[in-house]
Amino acid sequence: MLQDYIKIFMIDYISNLLNFFYKFSDKLEKNNIVKKINKSKISIDFSSKSKQGEVSSNFYLITKKLILDDNYKFKKILSEELKNLDYIDNHEISVSGFINIFFKKKYLAEHLQYLIEQDKNYGKSNFGNNQKLNIEFVSANPTGPITVAHLRGAVLGDVLASVFQQIGYSVTREYYVNDSGSQIQILTNSLFKRYSQLLGYKVELKENEYPGNYLIELAKKILNKYEDYWIKADQIKREDYFREYAISELIKYIQDDLILLNIKFDKFTYESEIVKKNIIEELFLILNNKKLLYEGILEKPKGEDIEEWESRKQLLFKSTEIFDDRDRAFKKANGEWTYFANDAAYHLEKFKRKYDKLINIWGSDHIGYIQRMRSIMMAVTNKNDYLDIITCQIVRLFKNNQILKMSKREGNFITLKSLFESVGKDPLRYFMISTRSETAMDFNMNKVLEKNNENPVFYCQYAYARASSVINKSKDLNINIKNFNQHINIYDYLCEDEINIILKLLSYPYILNQTAKFKEPHRLTNYLEDLSSSFHSFWNKGKDNESLRLIDPSNIKKTQSKLIWLNAFRIVFKNLFNIIGIESHEKM
RNA sequence: GUGCCCGUAGCUCAGUAGGAUAGAGCACCAGAUUCCUAAUCUGGGGGUCGUGAGUUCGAAUCUCGCCGGGCACGCCA
């Protein structure tokens, strides 16, 4: 575990410091000066809030009380060690016990140089060691177009996949297509009814069937090709045809819609394939060998009155033995596999494809399913973290201060496509990941179209455009920054605001790794907004104070110094924009 | 009734692994444009972090109880 930390933090100053404290802790333990230090409690605070140092740490605070020998001069020895670090300029241990640290300017300049050399690759690492990671998301049933209900998970999955790719995982973006089961049967019937209607037959859709216009379009296509052939055809052949045609066309629709947001899947796995391969028998054997299956009767849920409750004997999965609070049906009373059993088989199949780790992104309506699926994967892999499930709460759409209500049954749901047409890709992608996925989110369709402070997408893009405009302007002045090595003393020309921006830029690899670790892409947008704010603020200082402007034609060295961090700023922004999937405009 | 998630400023949300005086944006008030993009910035007011206890040097953060909201709760998918 500790090794992981060290690996993560290899390239940034936060990592270096943590690494130092970890080693120092080891030494204290080895020499019996302390018994045991809980290294996970060591923190580096790099926020701009702590004005007392460029960064600060609680290391002294949490360690001093663990010292066994009263004669051990901990504070003095720690200070000596810190002084010996070649990247620390000075430090002090405050009265309250925090260690406040300032870095050597040369050290930061070297990191800045590294950032610029790395360019597009800055932030990338091999932390993932090329492990195979499967991220399954969207997986909407192919019974209609993609709606806003799947939007959040779609962007979340796509961005997370990009983040993991950055830090060295081999990522597969996967979509699971539920193409068997009763919903699909209903879809097939609905399509045939539409087809029949086009031929003049008087059939009505039932309440649970799919009313959307898209099925009429599909029916027309069938009609054009086959005319009335299917009316008289063999029922089984006809159903096979309608089912397969509906699914393949609807999957195409779904793919086309997702491409609008630049979301592409590497693999579509069909439930029917899993069934055909009979994976479920393998799963059955595994669970049976572990004595996790039994014939039993599920208890009636307490509290809620369920009329017509009927106890039935069926095959149950002993998920209570692992993570769940209830055993779950594995076979229906009529002997068929449950949906859950088939889904579990699909997850076994992913395991058999030799992924090192699985991530699923589910809507909040599936929260109740998490523990049984985790239980299955624990039983299969013996690893409790092999499968990680992230849930998304709903997105409520607001327009003109009113909630847009949606009902799939009435067919008035809002499709991803229509939302894309009114809002555009960048705001959709940005907003979908800018809040924690577990928090229910309000999406205000009016505000995302505004081009001002209220709209963080534009706020960040504008910062990038401003930075770019300076770079372009500098080209007119023939200022080049190619020989960065000669300007290792750039800090002589920079003020505190700029140094703080540089520190933030250099924390990017750490932010990226934390984002992956917690699987929370909103950390990226927070980081972007923080940096944008610092940048705009600094920019405006140049209005009052000419010496703070980025370009000073009378002082080339100073201007070069500023252009260097400005370049770094653009590199980090561009990399982040790419990960989030929004555009970077040189001009706006 | 049970499980999971959420509750931070009037509104929308952050709070980076338990750290120093809880932060942004919007809204409200007052300012900044002969100057690299004012799609921006500066200043001001506004908080019992749902609530009560506990853990400790230290809690918005961890534990437990309560209150409020969301999702789900036999064989559907």
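## What counts as buried, and helix α5

A residue is called buried when its relative accessible area is under 20%. Keep that cut-off in mind as you look around this predicted model. In helix α5, the residues that pass the test are Y107, L108, A109, H111, L112, Q113 and L115. What hides them? The cover includes α2 (13-30), β4 (99-103), α18 (496-506) and α21 (556-580).

Just after α5 comes D119, which takes a positive phi of about 50 degrees.

## Helix α7, checked the same way

Now try helix α7, residues 182-198.

Which residues of α7 are buried? They are I184, I186, L187, T188, S190, L191, F192, K193, R194, Y195 and S196. Notice that a lysine and an arginine, K193 and R194, are among them. The buried residues of α7 pack against α8 (213-226), α9 (229-232) and α10 (235-260).

## Helix α19 and its two partners

Next, find helix α19, residues 508-518, and look at how it packs with helix α6, residues 148-166. Their axes are 9 Å apart and the packing angle is about 125 degrees, so α6 and α19 are oblique to each other. The crossing is left-handed. On the α6 side, L160, V163, F164 and Q166 make the contact, and they meet Y508, L512, T515 and A516 of α19.

How does α19 sit against helix α20, residues 522-544? The two axes come within 8 Å and cross at roughly 155 degrees. Angles over 145 degrees count as roughly antiparallel, so α19 and α20 get that label. Here α19 supplies Y508, I511, L512, Q514, T515 and F518, while α20 brings R523, L524 and Y527.

## Two residues with 0% accessible area

F317 is part of strand β9, residues 313-317. With a relative accessible area of 0%, F317 is buried. Who are its neighbours? Setting aside residues up to four places away in sequence, F317 touches L287, L292, L293, I322, D327, R328, F330, F340, R372, S375 and I376. A329 is 12 residues away from F317 along the chain, and the C-alpha atoms of the two are separated by 6.2 Å.

L261 sits in a loop instead, between α10 and β7 (267-270). Even so, L261 is buried, also with a relative accessible area of 0%. Beyond its neighbours within four places in sequence, L261 is in contact with L151, V155, L416, F420, K425, L428 and R429. For a sense of distance, take T559, which is 298 residues from L261 along the chain: their C-alpha atoms are 39 Å apart.

## Stepping back to the domains

Finally, zoom out to chain A as a whole. Chain A is divided into domain 1, covering 2-103, and domain 2, covering 456-580.

Key:
Residues are numbered from 1 along each chain as its sequence is written. Chains are lettered from A and ligands numbered from 1 in the order in which they are written. This is a predicted model: local features need pLDDT of at least 70, side-chain atom pairs count only at pLDDT 80 or more; totals for chains, interfaces and linings use all residues. Side-chain values use heavy atoms; hydrogens and water are left out. Domain bounds come from an automatic or database domain assignment. Buried means under 20% relative accessible area, exposed over 50%, partly exposed in between (1.4 Å probe, protein chains only). Helices (H or I, at least four residues) and strands (E, at least two) are DSSP runs, numbered from the N terminus. Contact means heavy atoms within 4.5 Å. Axes are lines fitted to C-alpha atoms, for helices over the stretch in contact, and angles run from 0 to 180 degrees between N-to-C directions. Angles under 35 degrees count as roughly parallel, over 145 as roughly antiparallel, 65 to 115 as roughly perpendicular and the rest as oblique. A crossing is left-handed if the near helix is turned anticlockwise from the far one by less than a right angle, and right-handed if clockwise.
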